[in-house]
Structure formats: structure tokens, C-alpha cells
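Let us read this model together, one feature at a time.

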Amino acid sequence: MTPTEIIPLLLVVLLLLAGSGAEPETMEVVFEGDHTLGGNGSVDVGATTRGASSGSGSAGARAGSAGTSALVVGGGSVTVPADTNVTAPLFVVGGDLRIEGQVGDVRVLAGNLTLTDSAIVAGQLDVLGGQVSMADGALVARQSDVVGELQDQTPTRSPAGFLLQVGALALVGGLIARRNPALLANVGDSVTNHAAVSGVVGSIAGLALLVLFVYMAFTLVLLPLSVVGLAVEFGIVVYSYVVFGYLIGRQLPVERVDLASAAGAGLFVVGLELLGRVPLLGTFGQALLVAIGFGAVLITYFGLTEFEPAEIPG
Amino acid sequence: MRFVDHVRAGEWHTVLGYLLFVVLMTAGYYYNVTFVQLGLIDLGTRLVGMDHTAVSTWMAALALLTFLVAVVAGVTMDRRGWSTDLRTKLRLLFGVLVVQFVLTAAAPHIRTVPAFGAWIVTASAALGVGFPVSFSLAIDFVPVPDRGPVAAVITAATYFLANAVPVEWSIGAFSQLMVAAMAPGLVVLGIVAFELLSPVEDLVDDLATQYEAFGTGRFCHDVPVKTRSLGFVAPVVLMFGVFFIDSLGFLRIIETPALILTSWQSPEFSTRLAIAAVHVVGALMAGVLYVNFDRNGLFLWVFALFGFTYVLYTSDLRVASVFPALGRDAPSIVNPLFYSLTVSFYTTLNFALWPDLSTAETIGTHSAIGVGMAGWLATFSSTAVALYLDHAEVGLLTHLNLVNALALLLFLGLVVGIYVRRMAAAARRNEQPTEPPEEVSG
């Protein structure tokens, strides 16, 4: 796994840790070698052992030490022996984690997790990706297959959640349209009349900002700013959805602009969902719309001014 | 696009002018980025037997000589009125192509340092005359509003061919390909330049007057940009910075097998195709931005992308130095993809900018100084710095870190420069006396 591939996964780990109130600074990451947690009565990653165990890791790959808030397996292999109890959360983003003893929370984002007959997961086992091999005798207190759940949460299978999304966006769209429809009109003008430049700006800025915030997160010092930045990016996307709703609403036989925008926003979300179901081209279409909307918001300064392209004489 | 209007109006001579310009510039730039930049290194090190430092020194000499010849050629073109004489320019270009054809065919047979030196000097003269002449054809062939899109097409076509078409990075392979491609081009250009067929004579007649409509560049319509004005010097300095940074970084990247063998020289066709596709997308994006943003905005985009690209490169290297296990895998393709995007951006800008900063009377001088300073003098300078860093045994991370620092510095400098300029303008507006409000008399 290359740094570029593993960095986004580590970011997710950092965000999960920060969200749980743990200290990301004391997190340990294993990238290579074979390691066994616990050993000689020491406390490793919150591990207590009832017997002797050994570590054969190579230099620079200490698998845990006292005060570590979490262990991330990014490469190599880590084993939790049968006589060991690990309380700190474990993350698998690459490599192999083999559990024979007792652990707390485990989250698998990539890589391989093996639970033997004697394994006990006393906390939560979250599977977001990767491979999980579980013996019949393994005990798991709580388990969620996030990928499976996400796949299950299609509008047809979870209509309530989808209606909630539609309703929330319609509400936001209606409120903005009522308070300041000129904002939406300015962004909408860029979407319709300057789609190419909006799409170019949106795709480059959106992608570059995303990578920038990911890299900022790894300074740890800037982790809060990174979270804020990602939230702002998400907010811009939502705002662009509202703009698309406003544009659709203008075509509806509804006089009140707020009601029309609210209805349009709802229709847009439904349309976007349906578009995503078109094989191959659907996802591309969704990405294109998001890029155009994102760029239109940026080049109009969130709708505060109309975009004026440079004048070229001749 | 005006191109569509010309097609609809059946103005086929103008349409052919577009095509001729795109083909000439694409061929010239492809020759430059492959044969000159990559082939000569192979020729010097493998066939002549020089060490890498000596070849780099000769390459720097080629860049400096080309720049000097170009300035002389460009100024001469403007002073003698050749810039507005299409026939003269086409014949000059034909002469350049003949010389380059002979040089290209002869290159793989060079075995001694003096022969290599003579080759470099002759090539410098040909290139130095060739690029101001070819850039000046923009005023004859391309309407001002279409310069951005045309520049994008040239960039996209060049980099797509350079990356997607599998050619071994050796002088022999480059020479064979170039000779095969140049031979028919030479015949066609000869027919056009010397008007050997009567339909061609009519075509050249029509094209020869187009400079009257297309000659005044985008940034010269209100007031022509003078050579010694800030309006010209500032873009020259900024483009010098762009090419310098790119060259300084790329010179080190191509010397690092782990970086180059997994990207531009990857045995995987899909990898090279991905890079080629990103070049095309990047060039088209730059074309869109060129027609929608002003000069400041365009340069900000380029520097921001450069800074960002090197942040990615250096961050990867830092992570790999902290966790050596990660560095053992093949480097990510993401970094060369961003690099390609950035290169397409500034190349597109370079193709469109100099004609747009010129009139029909200054196109020779401005393109010679602009492209010469940015493309050739920057290459000369960056090669010299790269050689110094090489002698000082500076590591890869430190080298790229320096490049990254320069990119970020230029980005910040540009932001501050634009801001201060606007602040000064606002201050000037405030200093202007305002008329007192009229008293309301009862």
C-alpha cells in the first residue's frame, strides 16, 4: 500500500479517534513485520497478558506501548494472543490482524481480520471494508457491517431516511429562497450560462481542497481545521443542490419562490438518486452536476455577485 | 468559438489556417519535448559517452544559445516587417525544418564530443529562428477569441502523443519516428511556402491578410503592451518562474527511477494512457479558464496547482522516510497525474499568452523574449541549479522541497502583489477630491 493510498484511511482513523475523544497523538501505527501484542507482563496498547508472549517485529515497528490510545494495523501482521486482553481500540487499514484473545472495539477499513475460535470482541466490530474471517467459536458482542448497511440503505429499502434527506434539503432551499433569492439566482446563472467554467473550477477546486484537508489532518495540529474544511466542502455541495432546486423550481407552476425552490430541491435529490442508477454514465452524470454546482458557488462568491467572464475583444 | 462560425460561413481558408497552425505547433512542441529534451540526454550519455553532468551542461548551452538567437530573430522579424509577411515566415519555417530534418537524421550517428557540440550549436540556431516564427503565425491563423481553445488543443495533442504512443526514450527511436513524420511535413510545408500549386497560392493570398483582423492580441486592444512595460515584464517573470520550477523539479524526477519508471516510463500502457488522458483533460480545462479569467487569475491557478503538486510529492517522500515500509511499494500514480494536470495548464497558457500580449508589429520580439525567457532561459538556469544541487549531493526530498518552496513562494508573492496593487488603486481613488454636496437652499 502506498502513502497516497493509506493516507485517506489513516485520516478516517484520525477522525474516528478524534470523534471518540481519544488522543490521536498517542496512536501507534504498524506498517511492517510480525508482532504479538502483550509480553512479559507489560501493558501494550492497553493489553494485559496472563503469560509470556513474544514480539518479532523489525526496527521501527513497535506494536504498542504504554499510554497508546489506539493501534492501527497498516501493514505487516499483528497477533493478539489467546492469553491477552486488549482494551484500546484496534483499526485495520492494511496488513493482517489475528485475534486469539480478548479485545475491545475493532474497526476494519481495509486489510484482513482473522478471529479464531478463542477470540472475544467485547466491544463493537465495525466492518467498513477489507476481509473478515471469523471462526465459529469466536464471540462478538456487537457487530455492524457498515458496507452492507450502506448498500441496504437505498431509497426503496429505507424510504424514511431518504424522505428525511429530501425534506431537509427542501426546507433549506425554501428558507434561502425566501430570505435572499438573489443569491440563488446568481449561482443559478453560472450553472446555466457558464457551466463549462463552473465545472472546471468545481472539479479542480473540489478535488484539490479535499486532498489539502486530508493532508492538513495529518499535521494533527490542523486536524480541527481539516474537519471544518471538509464540513464547509460538504456545505458547498448542499448549497449547490439548493441552487439546482431553485432552477428546477422556476420551471414549476408555483408562484411563491420559496415553495417552488423547496419543491425543486426535493425533485433534484430524487432525480440525482435516479441518475445514479444508470449504469456507468449515471455516476459520471452525478459527479458532473456536483462539480458544476460546486464551481458555480465558488465563482459567484456563494451568490454574492454574478460571474462575469473576462472580455475578449475581437 | 469563432471556429464554428467560420465553418458555418464556409470560410475554408481560415479553417485551414487553424489546422495548419495546430499541426505545425503540435509537431514542433512534440519534437521539443521528446527529441530535444529526452533524446539528447540519451545521445550524450550512451552514444557519445559523456557523463550526465557534461550532457546537462551542453543542454544548458543549447537553451542559452537558442534564447539568444531567438531574440535576434524576433527583433529582426519586427524591424524588417517579416512578422506581417506570411510568405517570408513560411519560407523561414521551411528552412528551419530542412535543417532540423538533417540534424534529426544525423543525430544517432554522432560519436564524438566535438560533433555533439557542433550539433548543439546548429540545433540552437534552427530552434532560435523556428519558435518566434511559428508563434508569430498565430496572428495570421487564429482569431483572438479562439487562442485559448487552440492552445488547449495543441497542448492536449502533443502530450497525448508523447505519453500514449509508446516510443523508447532513446535517440535512435526518436530519430526514426521524427524523420518519418517530418518527411511528408517537409513536402507539404514546401508546397505551401513556395506556392507550388495554384489553389495553394489562393489560400496563402487569403491567409496573408488575416493578420489585419487577428493581429492585435487580447491584452493589447485598449493600449498595446510595450516590451518595456510592467504589463509585459511581469508575465515574462511569472512564466520564467513557472518553467524554472517545473524544470528544476522534473530534472530530479526523471533521475529517480522509482518515480519515473512507475509513471512516464511505466511499462504499463494503462498508466501512460492515464497520464495522457489527464494531460488532455488538463489542457481543455486550461482552455476554458483562459477565456473566462484574467491574467492574474490564470497565473494564480497555475502556481496554486504547482505548489499543490509538490506538496503531494514531498509529503509522500516524508511519509516514506518516516515509515520505510511504505516507501517500498510502487509510488502512487496520483502525484504524476496532478503533475501532468499542472503542466498542461501552464503549457496552454504559454501558447496563448505571447500572441495575446502582442500586436502584429511586436509579435516577433514578444514571442522571442516571452518563450525564450520562459522556456529556454528558465531551462538553462534550472539545469545549472540542478547541477549545483547534484554536486552538493542534495537528497531527493530536499531537492523537491526546495522546488515546492519556490512554487509556494511565487503563489504567495502573486497573491500579495495583486492585493497590494488593488489596495493602491483603492487608495488612489480615495485621494481623488470629491465634490462637496450641494447645499439645499430654502
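**Reading the model**

A: Buried residues make up 44% of the 314 residues in chain A. A residue is buried if 20 or more other C-beta atoms lie within 10 Å of its own, exposed if 12 or fewer, and partly exposed in between, with C-beta atoms placed from the backbone. This is a predicted model: local features need pLDDT of at least 70, side-chain atom pairs count only at pLDDT 80 or more, and totals for chains, interfaces and linings use all residues. Residues are numbered from 1 along each chain as its sequence is written, while chains are lettered from A and ligands numbered from 1 in the order in which they are written.

Q: What does the secondary structure of chain A come to?
A: Chain A has eight helices and 14 strands. Helices (H or I, at least four residues) and strands (E, at least two) are DSSP runs, numbered from the N terminus.

Q: What share of the contacts in chain A with a separation of 6 or more comes from residues 24 or more positions apart?
A: The share is 50%. Two residues are in contact if their C-beta atoms, placed from the backbone, lie within 7 Å.

Q: In what order do the five strands of the open sheet in chain A stand?
A: Start with the general idea. Strands of a sheet pair through backbone hydrogen bonds, either parallel or antiparallel. Two strands count as paired if DSSP finds at least two bridges between them. In chain A the order is 2-5-8-11-13, and the pairing is parallel. Strand 2 (34-36) and strand 13 (131-134) of chain A are at the edges with a single partner strand each, so one side of each has no neighbour in the sheet. From one strand to the next, the twist averages 10°. The angles run from 0 to 180 degrees between N-to-C directions, with axes as lines fitted to C-alpha atoms, for helices over the stretch in contact.

Q: How many bridges join strand 5 and strand 8 of chain A?
A: Four bridges join strand 5 (residues 77-80) to strand 8 (residues 96-99) of chain A, in the parallel sense. Here Ser77(A) is opposite Asp96(A). Strand 8 of chain A also runs parallel to strand 11 of chain A, over four bridges. In that pairing, Ile99(A) has Leu115(A) as its bridge partner. Strand 11 and strand 13 of chain A are joined by four bridges too, again parallel. Asn112(A) faces Gln131(A) there.

Q: Which side chains of strand 11 of chain A are buried?
A: Side chains alternate along strand 11 (residues 112-115) of chain A. Leu113(A) and Leu115(A) point to one face and are buried.

Q: Which residues touch the most other members of the largest nonpolar core?
A: In soluble globular proteins, nonpolar side chains tend to be buried together. A nonpolar core is a set of buried Ala, Val, Leu, Ile, Met, Phe, Trp, Tyr and Cys residues joined through C-beta atoms within 7 Å. The largest has 170 residues, and Val242(A), Val243(A), Leu289(B), Val302(B) and Leu349(B) touch the most other members. Helix 14 (residues 295-322) of chain B gives the largest share of this core, 13 residues. Another core, of 41 residues, lies apart from it and includes Val80(A) and Leu109(A).

Q: Where is helix 17 of chain B kinked?
A: The bend at a residue is the angle between axes fitted to the seven residues ending there and the seven starting there. In helix 17 of chain B, a kink of about 40° is centred on Gly372(B). Of the 29 residues in this helix, 21 are buried.

Q: Where is the kink in helix 8 of chain B?
A: A kink of about 25° lies at Met182(B), shortly before the proline Pro184(B). The buried residues of helix 8 of chain B include Phe174(B) and Leu189(B). Those buried residues pack against helix 2 (12-47), helix 4 (86-106) and helix 9 of chain B.

Q: Is Glu195(B) positive or negative in phi?
A: Most residues other than glycine have a negative phi, and most peptide bonds are trans. Glu195(B) has a positive phi, near 50°. Its 16 C-beta neighbours inside 10 Å make Glu195(B) partly exposed.
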